[in-house]
Amino acid sequence: MSEPLGPGTRRPPGGSNDDEVFFPDANYTSPSVTFLQELPSYQSILRRRTSAGGTQDRRQNNHGFAKPPAAEKRNLVEGTGVESEAVVRSIREYALNIPDKRRLRDIQEANVKYLSGWNQWKQTRNKSWKKFLDETKELSSYLELWRNDIHSIEGKFGTGIKSYFSFLRFLVLLNFIIFVLMFSFITLPSTIPQYGVLNSSYVKVSPKGVEPQCSIYTISGTKGLVYFYTYIIDLLSGTGFLEMTSLFYGYYRIDMVHFSAIKYNVPLAYLLTTFVYLSLSLIWIVKRSVEGFKQSFVREEDPFQSYCNKIFAGWDFCITDLNASQLKHSSLKYELKTDLEEERLRQKKACRTTEEKLRIYCLRLFLNIFVLALLSGCFYSLYRATVYSQKNISNDSSKMTFEGNLFLQYLPSIVITLANFIAPLFFSYIIKFEEYSPAFEIRLTLMRCVFVRLANIGVLLFSLGNQIVCANEEKCKACGYNYKLYPCWESRVGQEMYKLMIFDFIIIFAVAVFVDFPRKLLVTYCSYKPIQWCGLQKFQIPENVLEIVYGQTICWIGTFYSPLLPAIATVKYFIVFYIKKISLMHTCRPSKKSIRASSSNFFFLVVLLIGLILAFIPLGLSMTHIRSSKACGPFVNFNSSWDVVPHTIRGFPTALQKILNGIASEAFAVPFFMVIW
Amino acid sequence: MGGSASQLPRDLLGEYQELTFLTKQEILLAHKRFSELLSKEERESILQKRVPKSKILSLPELRANPFQDRICRVFSTSEDGNGSMSFEDFLDMLSVFSDSATSEIKSHYAFRIFDFDDDGTLDKKDLEKLVNCLTGEGDETRLSESEMDQLIQNILEESDIDKDGTINLSEFQHVISRSPDFARYLCLHCLLRCLTGENPALARQGKLASG
């Protein structure tokens, strides 16, 4: 070990200029240190530091160690001897260079010899455990999906865009786990018995209390002459031959699977797995965001040090690309300038006259009314489109042309996409007149866009639900739902979600290929002024995140009605990752308005959480309040899906039953979802 | 690099693992990268050699960094202050910039990097240089004088707690500890992960083409 020592060891200990800078003179810092310790924020830092492994006193050690690296070895020995904790702490956490650390370690090792056998053993155990942890961590990092892709993106475009891609990766993983859950607990048990491996019993419709017409369920389009294009339509819209596959709810008609002595209750498993995947998503997101929440709530919005954040933590050292660094320079400059500008504006605003104030408030009120009108316009047209397409799909699909049929199937998706495209354009135009501060402008526009995206899904589901339940009408009396239009309404909801997901994917793909790519070609090879002025497509993180959160919300809602939807979502996001990566690398330029990593992570997860809550509501309502189909699915014998739980409880011992009955009532189910927050 | 590069002795590797935040793989990679900066003859005794600053700065990871000079100066243990680096200095630098380094360490070194005149405090001149580094060195990219004054005034108002007109280490760490982005930004892990080939630009292009 003595032979290959670096040249650093030749350096006179503690003599270099750097060290003095690095460990400012104790006399100099001490007054301010004591002063700082009075601050509440400093106290909280202390707390954080101690919780992070007792590192707080390390700093004091550093000051002590710094001056006498070798000359006062004895001091060091005493110092480490007193604090046995300091020995346990890893040496690498000292802010020293390697030769100094090496010396420090030698001292510590010499010190260890004076300890009792027990302590010695404890320390070696600690050390080897740490080493083991390091090695497993290193190994597991190889298993990370897209590790290199994400790092190269980070190097080229900075941490903000990288966080978008990590978010995408997280969703791929989440969907894959949900898929594994659904597949192993629902699809597999229902499929195996069909091959005669295990015994099973199908659901038998009990004749009493059910009108015969409720249980008629024929799939249109499977008989007679079948054109090729109907296959395509079926594939794209989940009808026909796809309707009775394991993709949709209607396929799962098995009641019990007998596995030697064990009875596997499929309806119960179906319901429980749904709860499991929802709560798993919830827990996972919350767990992921705990760190982000803490940072964002406690620190990010600290108005007293926004400039310090920008200056001291402004440069993204991960950037390795010259162009990216140019961009970062200009975005930082832009940010600083706007901040200073904003400050001046604020001062101006303070001396605004009453008249001006009144004018602005009136204008804002008017514009907000306009926004509301725009939104209700979107929602109404979506409602009409859904009703129209639902009515006509079931009527006479065989008579229609290929294009007409496809258009009809996808009408709601098209309207949603149009609304998602048009509304943000208006929002970003309107916001200029409202004279908010620049930071608030961005946030408000974003919140409006989130609202449009997610409310669109809500409106679609609402109109579908209206069609299914058709309150107070004759045709729903018999079964509790519109059995003529929807013999198996759960499958139909699943189909709608399936279509939305497919269409969303097609749009993402088409925009990349038919918009971004030609634009890139035009900008590169055409020197016509207006085209050059338009420039390349900007990669806007918020819009892109909204896009994938929208897809994820659809997936969460649809998984109950179409258990294999997560598999499609996994594949979809997997491909989307590459589409986005290629379009970012080759056809887009990053937006000048940079988005900071911390705030963006926070924003992603908040929007995702809103999406998840949105998924809870329709699922909870449909499970408890709408009668389950009598013609298909595992819940034929139950009034609603939720009824499977009380039914199971009836099989429990009476004492347990009484306790559970109170909890498992329908009145509890809906509030449960609310209270769980 | 074939067999021409001398291998890192096992016990030394273990020692570096203990003393830095780097993993075994990363240390080996760093060794390889460092030996690429040396000429063929020098590679025989890699641990005794120093690489001049100009070569360190030619690394693509530092090329785009406005603080490249400061980084070299801070991590160099060279006696004559020319910023040349030994292998252990190089490892030190990578360790501080690695993902697993504590933000405590990172803020320590960030302070030294930002302290342009090496006097132990960040004064107005240091801050001005820092801001210029951030916005770009060119004349047209700089902030105007009044903007700069306003900005530095704001920074000092936010962070100079004892009101002596400069920011010292403890004030700096106090401010930094409340900045959510800091630890995330102060990393250079691409140095160790993305690029492994001798010509990084080629390696990247190759990866793109295949990806």
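**Close-up views of a predicted model**

Of the 677 residues in chain A, 34% are buried, where buried means 20 or more other C-beta atoms, placed from the backbone, within 10 Å of the residue's own. This is a predicted model, in which local features need pLDDT of at least 70 and side-chain atom pairs count only at pLDDT 80 or more, while totals for chains, interfaces and linings use all residues. Residues are numbered from 1 along each chain as its sequence is written, and chains are lettered from A and ligands numbered from 1 in the order in which they are written.

**View 1. Chain A as a whole.** Chain A holds 26 helices and five strands; helices (H or I, at least four residues) and strands (E, at least two) are DSSP runs, numbered from the N terminus. Among the contacts in chain A with a separation of 6 or more, 76% join residues 24 or more positions apart. A contact here has C-beta atoms, placed from the backbone, within 7 Å of each other.

**View 2. The largest nonpolar core.** A nonpolar core is a set of buried Ala, Val, Leu, Ile, Met, Phe, Trp, Tyr and Cys residues joined through C-beta atoms within 7 Å. The largest one has 98 residues, and those touching the most other members are A:Leu168, A:Leu382, A:Met497, A:Met501, A:Val545, A:Ile554 and A:Val607. Helix α21 (residues 541–561) of chain A gives this core its largest share, 12 residues. Beyond four places in sequence, the residues that A:Met501 touches include A:Gly551, A:Ile554 and A:Leu565. A second, separate core of 61 residues has B:Ile27, B:Ile46, B:Val131 and B:Leu169 among its members.

View 3. Look for A:Phe604 in helix α23 (residues 597–625) of chain A. Is A:Phe604 buried or exposed? A:Phe604 is buried, because 27 other C-beta atoms lie within 10 Å. Setting aside neighbours within four places in sequence, its contacts are A:Phe167 and A:Val545. A:Ser163 is 441 residues from A:Phe604 in sequence, yet their C-alpha atoms are 9.1 Å apart in space.

**View 4. Two packed helices in chain B.** Helix α2 (residues 24–36) of chain B packs against helix α6 (residues 87–97) of chain B at an angle of about 130°, with axes 10 Å apart. That angle makes α2(B) oblique to α6(B), since angles under 35 degrees count as roughly parallel, over 145 as roughly antiparallel, 65 to 115 as roughly perpendicular and the rest as oblique. On the α2(B) side, B:Ile27, B:Ala30 and B:Phe34 make the contact, and on the α6(B) side B:Phe87, B:Phe90, B:Leu91 and B:Leu94 do.

Note on methods:
Buried ≥ 20, exposed ≤ 12 C-beta atoms within 10 Å, placed from the backbone. Contact = placed C-beta atoms within 7 Å. Axes fitted to C-alpha atoms, helices over the stretch in contact; angles between N-to-C directions.
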